[in-house]
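Here is a short briefing to read alongside the structure. Take a look at the fold first, then at how the two chains meet.

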Amino acid sequence: MMKPSTPSSNKRNRSARRVALTGLLAALALIFSYVEVLVPFNAGVPGIKLGLANLVPLIILYRMDAGYAFAANLIRVFLAGLLFSGMFAALYSLAGSITSFAVMYLLKKTGKFSVIGVSTAGGVFHNIGQLCVAILAVSGPQLIHYLPVLIISGMIAGIIVGIGAAVLLDRLPAKLFRE
Amino acid sequence: MHLSLRKADFLLFFIFLAAALISAVSFPRSAEGKELVRIISNGEEYGIYPLEKNEEIEIVREGHQNIVIIQDGTVHMDYSNCKNQICVHTGEISDKGETIVCLPNYVIVEIIGSGEGGEDDEAVDAIVK
């Protein structure tokens, strides 16, 4: 016999579920960050990486909702900063993540872009967000010379991650994402 | 179904490529490695000059006189009224980190970078701070 659910317990249940699920997704995203730390991907230019961890918010954005994606990503950035790269680098990462997420969310909302396009924009704007922080916080405006490199590398990384996300979205069973 | 590109994606790629191209043209990378000539007289900075701009700089202080010439990306001490003339005989310098020193007149000419190396140094400093 199930307990008859009152509206308030129902609500509490749902928010508990959300918290638990967000934690789970953040942990999943953190694993991707960890994998990226384990497998160094050296493109010859400092600061360029694949951004494998973006797979998680991307897929959540498509299969669940933006709230989960944003929260899980924020927690992931914070924890990855704490564990792997240091809090100073996490500041960069945070700026990149928030810019990137905002752009991906908006592009997804228009419904005109494929997941590969959304991911590409995410990659590019991640780099742009980081560059802005770098210019404001540390190195000054001459760092803008780095912009073309960052746009191209962001595109390449975004396309690769986007293809990965597209394959996963096609293959992952829908029941995995039932709330 | 997800593994495909839409029309808007191509537009997006085009915009990014155009942005990269435009920013590459308007902020050329060569400027990043721009080198500067710093002249120090009696322990104080006398001036900083771009290496690529031809210029003749005269440094006069308490009877000491030096003339530094920047020409075609190289720097040399053209004249010094010091006794040993070591600075004049140093010849031309053109690489970052090279110096011409005139000890009797307390003049140091050095080439510094304003490019990537300098930025990295600043970044490290900022972290240390």
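Helices here are DSSP runs of at least four residues, numbered from the N terminus. With that in mind, chain A reads α-α-α-α-α-α along its sequence. Please keep in mind that this is a predicted model.

**Chain A on its own**
- Chain A has 6 helices and 0 strands.
- Of the 179 residues in chain A, 40% are buried.
- If you take the contacts in chain A between residues at least 6 apart in sequence, 69% of them join residues at least 24 apart.

**Where chain A touches chain B**
- Chain A brings 26 residues to the contact, and chain B brings 25 residues.
- On the chain A side, helix H5 (115-139) and helix H6 (147-171) each supply at least two residues.
- H6(A) gives the most to that side, with 10 residues.
- By class, the chain A side comprises 18 nonpolar, 6 polar and 2 charged residues.

**H6(A) against H1(B)**
- H6(A) packs with helix H1 (residues 7-26) of chain B at an angle of about 160 degrees, and their axes are 8 Å apart.
- Because angles over 145 degrees count as roughly antiparallel, H6(A) is roughly antiparallel to H1(B).
- The crossing of these two helices, H6(A) and H1(B), is left-handed.
- From H6(A), the residues A:Leu147, A:Pro148, A:Ile151, A:Ile152 and A:Met155 meet B:Phe16, B:Ala19, B:Ala20, B:Ser23 and B:Ala24 of H1(B).
- This contact of H6(A) with H1(B) holds 9 nonpolar residues, 1 polar residue and no charged residues.

Methods: Residues numbered from 1 in each chain as written. Chains lettered and ligands numbered in written order. Predicted model: local features only at pLDDT ≥ 70, side-chain atom pairs only at ≥ 80, totals over all residues. Contact = placed C-beta atoms within 7 Å. Nonpolar A, V, L, I, M, F, W, Y, C, P; charged D, E, K, R; others polar. Buried ≥ 20, exposed ≤ 12 C-beta atoms within 10 Å, placed from the backbone. Axes fitted to C-alpha atoms, helices over the stretch in contact; angles between N-to-C directions. Parallel < 35°, antiparallel > 145°, perpendicular 65-115°, else oblique. Left-handed = near helix turned anticlockwise from the far one by under 90°.
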